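Subject: Structure handover and what was found in it

Dear colleague,

Please find the structure below, followed by my notes on it.

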Amino acid sequence: MALNWAIKIILSLLFCMVSVSQGRQTISNSTFKLRAVNLGGWLVTEGWIKPSLFDGIPNKDLLDGTGLQFKSVTTKKYLCAESGGGTIIVANRTSASGWETFKLWRINENTFHFRVFNQQFVGLSMKENQIKVVAISNITTISDKFHIVRNSNDSNRVRIKASNGFYLQAKTEELVTADYAEENTTWGDDDPSVFLIRISGKLEGEFQVTNGYGPIRAPQVMRDHWKTFIVEKDFEFISEKGLNAVRIPVGWWIANDPRPPRPYVGGSLTMLDKAFSWAEKYGLKVIIDLHAGPGSQNGFEHSSSRDGSIEWGKTDANIHQTVDVIDFLTARYAKSPSLHAVELLNEPLSPSVKLETLTKYYKEAYKAIRRHSSTVYVIFSNRLGNIDARELFPLANGLNGIVIDVHYYNLFSSTFDNMTPQQNIDYIFTNRTSDLSYVTTSNGPLTFVGEWVAEWQVKGATKEEYQKFGKAQLEVYNEATFGWAYWTLKNINNHWSLEWMINNGYIKL
């Protein structure tokens, strides 16, 4: 058995011998392409993949980034950060949208900062002999901590205690103050300190789970998850089913292991070490995918955004920090025969992340990788949004071993809302074929469909229809010159789990 695995590794290495021509790295044996699976939800948390990971968090519906809308029971109107922030808080809106939504920054299970639309924090200000509630500071201060007290009989009926020891009250539609002293309440509709809350959006990523459990409980919870969610047998399964690689999402904090900045906890680097060991044992290639950059490059939970804001790339220091992460990871694994590629940043979002900013980072990160390896592939993820899929071609020209990563889902767009199964399948053969052909050129970078899934917005589809949908995507994405990777290996949602899809006959590789 050991000899067989050794032979597999040797053959894999031979397959990956490369020649460089016109800025494009090509594989000497054209039949070798990555048939990979993503290990999503493992070293970078995504709550929808494994919701039970959050079950032990007190007040788990009030995590970082949760949007709360407060309706005064006396004015019957919503609290609002006037002009989106920069001035007072009022209680005069009949409906709630962006200005009426307050994003939570969780301090503990009951205490929070509130961040408004323009990213100021809610605080207190003495004006006209009254303690008014305002949103004017861009940084957190002692005065902007608020304690949410929930009615034991109705958790959506709350009072908000300010840092001065008094409760917020809606005195009028135009005046919200922090001077209500009465501790006891009947929670009736005549109490100006009582508000009804409505949740408008939430995040369940690495920041939320670690900060939610707190510094005492989070380390054990996360380490238990890492040790059990992906194990050696999964790598054996991947190899046996005809796949040859794994794409492993990691977060920027892994470079600070074993003592990353709070709220993150140490231990993910040890698991990545194990992943490489397992990959080497079973002859698999590894793509290290920087899925979460410092500050979040897209505002989603899978990039560990605290509240949906996008701070990545705003400063040179931030870019340098990200390059340091790539440098650290490449240096650590460059000598492993399984390290096949490093993806510099997953799904940066346009227009928040500017092309010139991304280009600057990609150039520096590429140099960092080449200091440690001349053969590891470097993957540039295209930006999300309405962009030209070839916008990174000028950067890729002249660089060696560059791969462009594109993600294709028949989801997340109204385009697919009313499509039948056959229309979805036709879309793969027509539109996706065209999309992939456009980004795949004879003298350009290699192409990689780094994420796809055999799931759609069709309700009540049959097993046979799912099989045809998956088969169509395999046929089309096999034309990608670098290969493809299914999202993801394990998921509570069956069709998103390649393990489940294979075991139940929905996909045949």
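Tyr213 is found in helix α2, where helices (H or I, at least four residues) and strands (E, at least two) are DSSP runs, numbered from the N terminus. With a relative accessibility of 10%, Tyr213 counts as buried, a word that here means under 20% relative accessible area, while exposed means over 50% and partly exposed anything in between (1.4 Å probe, protein chains only). Leaving aside neighbours within four places in sequence, Tyr213 is in contact with Leu53, Phe54, Asp55, Gly56, Ile57, Ala218 and Val221, contact meaning heavy atoms within 4.5 Å. Ile89, by comparison, is 124 residues away from Tyr213 along the chain, and their C-alpha atoms are separated by 31 Å.

Before going further, please keep in mind that this is a predicted model, in which local features need pLDDT of at least 70 and side-chain atom pairs count only at pLDDT 80 or more, whereas totals for chains, interfaces and linings use all residues. Residues are numbered from 1 along each chain as its sequence is written, and side-chain values use heavy atoms, with hydrogens and water left out.

Leu203 sits in the loop between β15 (195-199) and α2, and at 11% relative accessibility Leu203 counts as buried. Although Leu203 and Gly65 are 138 residues apart in sequence, their C-alpha atoms are 5.7 Å apart in space. Gly65 is also one of the residues that Leu203 touches, not counting residues up to four places away in sequence, and others among them are Leu63, Asp64, Phe300 and Arg306.

Next comes the barrel. Eight strands close into it in the order β3-β16-β17-β18-β19-β20-β21-β22, with parallel pairing, and neighbouring strands of this sheet are turned by 25° against each other on average, direction ignored. Two strands are said to pair if DSSP finds at least two bridges between them. For instance, three bridges join β18 (residues 339-343) to β19 (residues 377-381), which run parallel, and Glu343 has Ile379 in β19 as its bridge partner.

Why can β19 be called largely enclosed by the rest of the structure? Five of the five residues of β19 are buried, so the strand is largely enclosed. Both of its faces are covered, with Tyr377, Ile379 and Ser381 buried on one side and Val378 and Phe380 buried on the other.

Helices also deserve a look. Helix α9 (residues 463-477) lies across β21 (446-452) and β22 (483-486), and runs at about 160° to β21; axes are lines fitted to C-alpha atoms, for helices over the stretch in contact, and angles run from 0 to 180 degrees between N-to-C directions. In helix α5, where Thr330 is found, this residue is buried with a relative accessible area of 0%, and, not counting residues up to four places away in sequence, Thr330 touches Val342, Ile369 and His372.

Helix α4 (residues 268-281) has 14 residues that should span 20 Å at 1.5 Å a residue, and its end C-alpha atoms are 20 Å apart, which agrees; the expected span is 1.5 Å times one less than the number of residues. Among the buried residues of α4 are Leu269, Leu272, Phe276 and Trp278, and what covers the buried residues of this helix includes α2, α3, β16, β17, α5 and β18. Just after α4, Gly283 takes a positive phi of about 70°.

A separate stretch holds strand β7 (residues 102-106), which is largely enclosed because four of its five residues are buried. β7 pairs with β4 (residues 67-72) in the antiparallel sense over two bridges, and Leu68 stands opposite Phe102 in β7. Four bridges also join β7 to β8 (residues 111-115), again running antiparallel, and these two strands form a hairpin with four residues between them.

Finally, the largest pocket is lined by 33 residues, of which Glu347, Leu384, His407, Tyr409 and Phe412 lie nearest its centre. On a 1 Å grid over the protein atoms alone, a pocket is an open set of points with protein on both sides within 12 Å along at least five of seven lines, and lining residues have an atom within 4 Å of a point. The largest share of this lining, four residues, comes from α8.

Best wishes

How values were computed: On a 1 Å grid over the protein atoms alone, a cavity is a set of points where a 1.4 Å probe fits but cannot get out, and a pocket is an open set with protein on both sides within 12 Å along at least five of seven lines; lining residues have an atom within 4 Å of a point.
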